[in-house]
Every structure is written in C-alpha cells, then in structure tokens.
Amino acid sequence: MKQFLAFGVTIVLVVCLYKSWGSPTNGVSHYGVAYDDGDNSVDGAMEDNAAPGDQQNRRSPGPSHERLVLSVANNRHGLKELNGIDGDGETDHNDDPNAGGPLAVDDVERVLKHNKPLPMRKGSLVAGMQQRRIQPLPDTFGLDDPEREARLDELHEAKRQILELERKIQELEGRIPRKYPDVTFLNYKNRKRILITGGAGFVGSHLVDYLMMQGHEVIVADNFFTGRKRNVEHWLGHENFELIHHDIVNPLFIEVDEIYHLASPASPPHYMYNPVKTIKTNTLGTINVLGLAKRVGAKVLIASTSEVYGDPDVHPQPETYWGHVNPIGPRACYDEGKRVSETLSYAYAKQEKVNVRVARIFNTYGPRMHMNDGRVVSNFIIQALQNQSITIYGSGRQTRSFQYVSDLVDGLVSLMASNYTQPVNLGNPVERTIQDFAEIIRDLVGCKSKIIELPAVEDDPQRRKPDISRAKKNINWEPRVPLQEGLMKTIDYFRKELARSNHSQRNIFVPETTEFRSLL
C-alpha cells in the first residue's frame, strides 16, 4: 500500500514539474538590475529617440568587456537591465524593439566587438552613480499577463493537490494495522480476562507485558497519577488489550476472571504528596476491588508492601512478624493503608468467600521507574548519569534488598496461580548498605560523582531484608536476575529517557523469549 501511494505521489510531482518547466515569462524575470557603464550606445544607439530623463543618467566611461558579458549573462538568468546595455537608458537598434526585454546571448560577441572605450567626462562617473535609478518593467511582463497568471494558478493547484495527497497518505498509514509482538494464542477455555489496577505504572506495565505475551485479555484501569500511558502504549489497539482511565476509589463494573490490585503510589514523595488520597486508594479502592471480585467470582491478588513491617525489630522479616509501625508518622498513610488493605482482604475472604492472595513486595527496580519518584535506585542513577553528587540520607549504613522487576512479576503470577492464601514476601534476600549501592551504581555508570550525606529522613527503616522461605516452599519462587545485570538494563533505560527530546521517540518493547528467561 505504501509503495503504491509513493508511486502515485511521484507521478503527480512529475506532471506538475512538466507543466511548470519554464517560467511563466519564458525564462525572463520580472525584476532585474543593470549597470550604467557609459553614456554612449554600444552599437549606435538612437540618441534622438532617448527620453530626456535618460539623457541625464548617462555616465562615462564606456562599459568593460567583463561588465558587458555579466550584463548579458544576467539577462539570460532572468535579471532585466534597468537601462540599456550601455547604461544610457536607450534602446539599442540591434535589439528587437518590440521585445521589451534584454539582449539575447547571441549578442555577446557583437557587443564585445563593437564596444569601444570612450573618454571619461569630468565628474560623469560620480554623477552617474548618484543618478542611477531603477526603471519599471514593461507591462508585458506584469502580474496581469494572462498566460503567467494561468501558469501560476496551475502551480498553486499542483501544490494543493500534493498537500492533499500527503494528508491522505498519513490517514491511510494510520489505518494500517500496527505490528505487535507475537503473543501466544489461547482458546476460549484457557484465555482469561484479567484486570490490573495501576497497570500503567512501573510494576503494573511489566505485568501487562507478561500476561499479554501469555495470550490473556488484559484490562488496565489507571488514573495516571504516577502511571504513564507511555508504559503501555505498545499494546494500544491490540485486540487483547484495553486501557481505562479510571480512579479505583470509584466503583468499577466489568466482567473479569482475575484481578491484580496494584493501584497506589508507592514512593515516599508520591504517597506523602496527598496522604488522604493515599489512604482512600488503599481502603476504598481495595473495597471496590474486593466488591468486584465478590460480584463476578474473580480471584484477586492484593499488592501489599514490606512497609507493613515498619522499622523492624526482627531481622530478616518473616510473614509472621506483625511489624513496628508509627501510626501517625509521615509514612503512616502508606504503611497503615496497606495494613488495612490486608485486613479488608481477609475479612472478605472469611465473610464473602472471596479468593484472595496477598504479596508483600520489597524494594524493586528496573526500567520504567518514575524519573522523580525519590527512590534509591532512580535517584542514584540519574545523579550519576548527570555527573552530580550522589546524595545519601543518613549515614549510608541502612540496608536494603533490591529485586529486579521481572523477578517480581514472576512471583506475582506464581502466587496468583497457586492455592496458597496467606501473605507471601516477594523480595531479594541479598542485603546491601545504601553506601555500597551508591558505589556500585557510580562504577557501572563510569562517572566521578561524589557521595555526600544529608540529614536522615524521619521513620526511615534502618534494616530491610525479606525471609522468602515461604515463597520458596509454596510457590517455588526466588529471584534470579543478578544485581549487576539488572542495574545495567535500568541505567540504559534512564540514559535513553534523559536523551529523549520529543514524543516521537516511543517506548520499544522487546519481549524476552521463554528460552532467555529460562537461562536467567
């Protein structure tokens, strides 16, 4: 289709160029400038017929050979002489008196042959330069020339048709089906309709990719507070994908088989920005999701967090640990909101027989993280890429456990597919200090950023490490992606994001094959 349209445009352009090959004035410009190089004619100009005003503009000396050649050549390139070739404003009797235009190229030899230098009169050169003037063009070449007007109309019409064809080409290109990754085909017995709240966010978009590649129908509901359409734009238009702009604080009425409830701001700057809204999302939003699951009989997975453990006294943290949380601190809107979300889930499970799963997610990193979410990984990488000082809040001896996002997605899918209903930790049991993590990122980026310490944040947990023995035993899961490999992918993503300058630089999704994932 594109080749056919391109061929059609080429034909139109050739026709237009053929029609307008010559100038509407047969190669003669409508405006020109000539030089008055002498006060006598080259070939015996008819002085008796010269206008009185032209007599005053004569200048000596006579024209040089070079000036004459340039003058005649200029005429051939569409530059009309202001006065006669001699500069006296008179018409040469060797020119066609009815032509109203410049000399032809054939006259060059004649002009050079007959032109002879004449003596310069005193003051004539200065007077001639001061009195040089521009004469109007003959009316035969004016804008009222019917032939010229007709050709200009044809040219404008051709340009209009070209622009119209370009618009139609763009319209037809928009109708061409987009190319999507080859997803697995599932029949109606095995294909599920899956709702992902917060599916345009960091973790949710990767979960969308996984489930789409598996061949399921995926519905994303997101209010785009922290999520971005760019994260899922590569699936827009696919028959198995649907995107709904919806805030889960309000009820949602659709038919689904499974629900992944990931909707909630997860980074401290985002959930502290509007604490009340954060609490509503984790309470009212969870109630709406559980109510939907109750109505349609869907299985639901609640994405909880390691923040339910607060600043833990037990290390590492097992699922049986009840936590150490400040209920009125700056992080309480998120910590207590997730704790209430878990409470609601098991209340619906006991009272309404809703089939629930609860995943307690620890620190996760990877591509599509929000640029300014204030998390450790994104902050360190952006500062290192911009060769800025890497800032650590506190002494840097706090510990964290970081898992790559693809490992988390595998854990969520495995937990949903299992029959285990108790909370499960999903995180990396390898513990590192913040100081060590900053040095690793600086070395991988290859910058010379300094690491500086800033005052500690209130209620910031000092140690964080999951006990994943329950995940290993019940869902056969543990993280596989090495830290160095995951960080390199994340650094590459942020480097491209920082270099992006327009909307046309779209998100490119390259699915990892089953063989690649098995090798990991």
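Helix α7 passes helix α12 in a right-handed crossing, meaning the near helix is turned clockwise from the far one by less than a right angle. This is a predicted model, where local features need pLDDT of at least 70, side-chain atom pairs count only at pLDDT 80 or more, and totals for chains, interfaces and linings use all residues. Residues are numbered from 1 along each chain as its sequence is written, and side-chain values use heavy atoms, with hydrogens and water left out.

**The α7/α12 pair**
- The axes of α7 (residues 202–213) and α12 (residues 405–417) come within 10 Å and cross at roughly 65 degrees; axes are lines fitted to C-alpha atoms over the stretch in contact, with angles from 0 to 180 degrees between N-to-C directions.
- Helices here are DSSP runs (H or I, at least four residues), numbered from the N terminus.
- On the α7 side, the contact (heavy atoms within 4.5 Å) includes Phe202, His206 and Tyr210, and on the α12 side Val405, Asp410 and Val413 are among the residues involved.

**Arginine 339**
- Arginine 339 sits in helix α10 (residues 332–351).
- Its relative accessibility is 27%, so arginine 339 counts as partly exposed (between the buried cut-off, under 20%, and the exposed one, over 50%, with a 1.4 Å probe and protein chains only).
- Leaving aside residues up to four places away in sequence, arginine 339 touches Val308, Trp322, Gly323 and Val325.
- Asparagine 282 is 57 residues from arginine 339 in sequence, yet 8.9 Å away in space, C-alpha to C-alpha.

**Cysteines**
- Cysteine 333 is buried at 6% relative accessibility, and cysteine 447 is buried at 16%.
- The disulfide count is zero, taking a disulfide as a pair of cysteine sulfur atoms within 2.5 Å.

Conventions. Helix = DSSP H or I, 4+ residues; strand = E, 2+ residues; numbered from the N terminus.
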